[in-house]
Amino acid sequence: MTTGPFSASFAEARAAFVEAATAAGASLSSHAHPETGPDGGALTTDCAWIGPADAAKVLVLVSGTHGVEGFCGSGAQVDWLRRREFTHLAPDSAVLLVHAINPYGFAWKRRVTHENVDLNRNFVDFSRPLPENPGYVQLASAVTPEDWSEETQIACRRVLLDFARTHGFEALAQAMSGGQYTHPDGLFFGGSGPTWSRTTLETIFADHLSQATDVGIVDFHTGLGPEGYAEPIIAAPPGTPEYERAMHWHGLAATSHAGGDSVSAQIAGDWLAAAPSLLPRARVTGVALEYGTVPSNRVLDALRADNWLHAYGDPLSPEGQAIKAQMLAAFYIDTDIWRGMVLGQSLTAVRQTMRGLARTDSP
Ligand SMILES: [Zn+2]
């Protein structure tokens, strides 16, 4: 069932994006993923460009960094195109829309890539010592048990709650979601090298943004914070010009995961933080727009179930389908109110970015 600009599957979302981009007069390009979706269909990352090829100022809108979260981000991108918001771009500006940078996770309703990697923990320098996470090491066997019986789930949840009672819930969230590089079959794994999605994003940036001197980014996410509220999260730490500029553009509701005031844990290896080094000629100003869905314990339960399913179960079985429904419900709220909140706040954040790009007096 299609609901406005939102889709019920990756294939539907891709078709809606290509149709809306074509109607907008965009030039399209596509990157084929090596795997297929659960329906056997092809997986691609699609790019749409509107505006002069040599534009100095470029608005960049990205969906599906965390796969399943693309059901939200794709809807926001399709809506933005259908509303013809691009007609508000200044003459020296262009827009690059990147649809489903992690198409495997989108199609399989997973947060991770086909390498079981969290793309936003993958943009680290693998030639250097990797970040350590002793809390995760302590919890790993409770996070990823081999069987998923009721008894095991209860026992594992008790281990996690005991950790929270001893160290606090914030410490639990940091241990669980801060990222880890020691357990390839675990949650929030940062990888042992660049993933397909990282390499593809780097290629897209090199192909489209090497001429740009001013780049404004919105990356769409879901799963953290109050239901329906969009928190603009700045990747740059407080005190840097990037942070000051993003605050200037997005206002006092913006937070920084490096500053400790965000719903997100402190992380390393997210692509927004890496963007300035990928675009050395450009002034980069970006936010992750994080939409709240359900309470975080339900999100973590869904992630752990899905992690078990792909490590030890059969994703195409009836049990697998139930876990996939649990995943979608954790990252996409199937109500008109939630979808309306997504679109309204998306329009605001993207217009703020366009306005910021047009101004010359930003910090
Ligand atoms: Zn996310």
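## Exercises on a predicted model

α10 passes α11 in a left-handed crossing, a crossing being left-handed if the near helix is turned anticlockwise from the far one by less than a right angle, and right-handed if clockwise. The model is predicted, with local features needing pLDDT of at least 70 and side-chain atom pairs counting only at pLDDT 80 or more, while totals for chains, interfaces and linings use all residues. Residues are numbered from 1 along each chain as its sequence is written.

**Exercise 1.** Describe the packing of α10 against α11.

*Solution.* Two packed helices are described by the angle between their axes and the distance between the axes. The axes of α10 and α11 cross at roughly 145° and come within 9 Å, where axes are lines fitted to C-alpha atoms, for helices over the stretch in contact, and angles run from 0 to 180 degrees between N-to-C directions. On the α10 side the contact is made by R298, V299, A302, A305, D306 and L309, and on the α11 side by G320, I323, Q326, M327 and A330; two residues are in contact if their C-beta atoms, placed from the backbone, lie within 7 Å. These residues divide into seven nonpolar, two polar and two charged, with Ala, Val, Leu, Ile, Met, Phe, Trp, Tyr, Cys and Pro counted as nonpolar, Asp, Glu, Lys and Arg as charged, and the others, Gly among them, as polar.

**Exercise 2.** Determine which elements give two or more residues to the side of domain 1 that touches domain 2.

*Solution.* The domain assignment, which is automatic or from a database, gives domain 1 as 10-127 + 190-297 + 326-358 and domain 2 as 134-187 + 298-314. The contact takes 21 residues from domain 1 and 17 residues from domain 2. On the domain 1 side, the elements giving two or more residues are α10 (296-312) and α11 (318-331), helices (H or I, at least four residues) being DSSP runs numbered from the N terminus. Of these, α11 gives the most, with three residues.
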